[in-house]
Amino acid sequence: MKLLVCISKAPDTTAKIAFTDGNTKFDENGVQFIVNPYDEWYALVRALEIVEANGGTVTTITVGTAADDPTIRKALAIGATDAVRIDADPKDPYFVAKQIADYAQSNGFDIILTGKETINYNGAQVGAMVAEILDQPFVSLASKMDVAGNTATLEREISGGIEVLEVNTPFVISASKGMAEQRIPNMRGIMAARSKPLNVIPATACDDLTSVASYELPDAKADCRYVDPENMDELVNLLHTEAKVI
Amino acid sequence: MSVLVFIESKNGKVTKAGLEAVSYGKRIGSTTAVTFGDIAESELATVGNYGADKVLVHRGINDVNDQQLTRMIASAAESCGADVIVVAQDQTGKAIAPRVAARLGAGHVSSAIDVPDTSNGFVVKTNVFSGKAFANISVNSSKKVISYMANSLPIVKGDGSAAVEEMSSDLGQAGITVKERKLQEGTVAPLPEAELVVSAGRGLKGPENWGMVEDLATTLGATTACSRPVADIGWRPHHEHVGQTGIAIRPNLYIAAGISGAIQHLAGVNGSKTIVVINTDAEAPFFKAADYGIVGDAFEVLPRLNEAFKKFQAGNN
């Protein structure tokens, strides 16, 4: 099987969120970047498990600049066969999806996997867009996937529960919690990653359909008001008359 | 502007997320709703209360099949000349909204929390960085798709009635075959659209102690949630996990007992309008994000709070 896993970099979950250039750019100063956890823990690791069981290759694809290379090497260290980077600054989800779909179109993959969203933009957009451009089924928020021949059985999160479904290759999924367990790359993997192919490919032309006009940080929270643990009537009264939520 | 809103139904009722999306759409322009499946015309007409002039319904599909629903919405958008398409940012919305956008060549805005600002282009405020910041997204295409976050704006309800029209466009092949659906029991709102949420963490010491959390939730008609460690060790089901890697919620009231408030947990809940934190540790970081704090033992405070709510409800009846 040929699997393609979409990898994006994201700031570490504990990174301080701040903006520069008149609040139009994320302030990367001092920020540690990691492989977006949903891409790594769930999409990539499950893809590796599938080819370990069925044979095949796992290619990662990233739309990004040379600044993304360390996170791409991390994905290779975890076990991906090779990596592709489309050389462009990713700004708009459709732009990113178009680059991935174009590459997939000319190289042919059985399954394309993304994480359910990135932890910085939380768009949850690219997978569905890639599927539409390629006219393939898309299984969003998949928490389980087993493959037998060209048929896959998946579980996905739906409102208020879980749905079990079947789909034939080729298809696209977004992977969520439950799909696989995190893998820590070992020293052999890290050494091997250095010599694995990382192919840098120019981007194809595509208009940005959206752009970030500006960022804002939430207003600082007012101080917490403490209520006597013996006096829950007071809390209920505050929730009713002050917060007006009950 | 002409707006098309996708809505879903469950057990013969339009979901709250759908009605919210219609109410949001109405703030932008004249609104048509589109839905699918086996749902009574009389129920669909009530969508007019939330601002839809018309509801289009396609009877030829019953499951959330992303490809067929995308074709359905695209065809409805064409027939009503929609400039803006609104979809609720829930599980179904995540499967289809970006797809619809790609099909129509429309810019897509995810996690919208306010109406578009059209004073200079078309700019929508959205949640980013897992709720730790907002981005104002400018949409440059003529058609736009917006995924709207539940509970961001109040629902406006009037007494209008919507005309119901059947759709019969060709939906093509279904790429997905649904084999089974496992739905959780009960009638409370699913977490993403819940207005009241009672949540607990490791401070409860074991799954056998969740009775008091559930009792409080029952009294309030609230949905229960939990922190990540509690879901990971299997005390509670994964679908209850709120936080950065779980579900992001923005209820009116979030009551958290025995949760310290790690940054990853806060990321999923800091859109809540009011946060009540109950913790024995006065230094717990969650108190910094709380509106109301109770330094005390959840085992004593939760039952006491439950009684106080009951007394309050009895006094109001």
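**Before you click.** This is a predicted model, where local features need pLDDT of at least 70, side-chain atom pairs count only at pLDDT 80 or more, and totals for chains, interfaces and linings use all residues. Residues are numbered from 1 along each chain as its sequence is written, chains are lettered from A and ligands numbered from 1 in the order in which they are written, and side-chain values use heavy atoms, with hydrogens and water left out.

Stop 1: Of the 246 residues in chain A, 53% are buried, meaning under 20% relative accessible area, against over 50% for exposed and partly exposed in between (1.4 Å probe, protein chains only).

**Stop 2: the sheet.** Now pick out the open sheet of 10 strands, which runs β13(A)-β7(A)-β6(A)-β1(A)-β8(A)-β12(A)-β9(A)-β10(A)-β11(A)-β12(B) with mixed pairing. Two strands pair if DSSP finds at least two bridges between them. At the edges, pairing on one side only, sit β13 (198–202) of chain A and β12 (176–183) of chain B. From one strand to the next, the twist averages 30°.

Zoom in on β9(A) and β12(A): they pair in the parallel sense over 3 bridges. Which residue of β12(A) is the bridge partner of V139(A)? Look for I173(A).

**Stop 3: helices across the strands.** Select residues 37–54 of chain A, helix α1, which lies across β1 (2–6), β6 (57–64), β8 (111–115), β9 and β12 of chain A. Then try α4 of chain B, residues 91–104: that helix lies across β9 and β10 (151–158) of chain A.

Stop 4: Most residues other than glycine have a negative phi, and most peptide bonds are trans. Go to P170(A), in the loop between β11 (161–168) and β12 (171–175) of chain A: the peptide bond from T169(A) to P170(A) is cis, with omega near 0°. Next comes D135(A), in the loop between α4 (126–134) and β9 (138–148) of chain A, with phi near 55°, a positive value.

Finish on N11(B), in the loop between β2 (9–10) and β3 (13–14) of chain B. Its phi is near 50°, again positive. Is N11(B) buried or exposed? N11(B) counts as exposed because its relative accessibility is 76%.

Notes
Helices (H or I, at least four residues) and strands (E, at least two) are DSSP runs, numbered from the N terminus. Axes are lines fitted to C-alpha atoms, for helices over the stretch in contact, and angles run from 0 to 180 degrees between N-to-C directions. Contact means heavy atoms within 4.5 Å.
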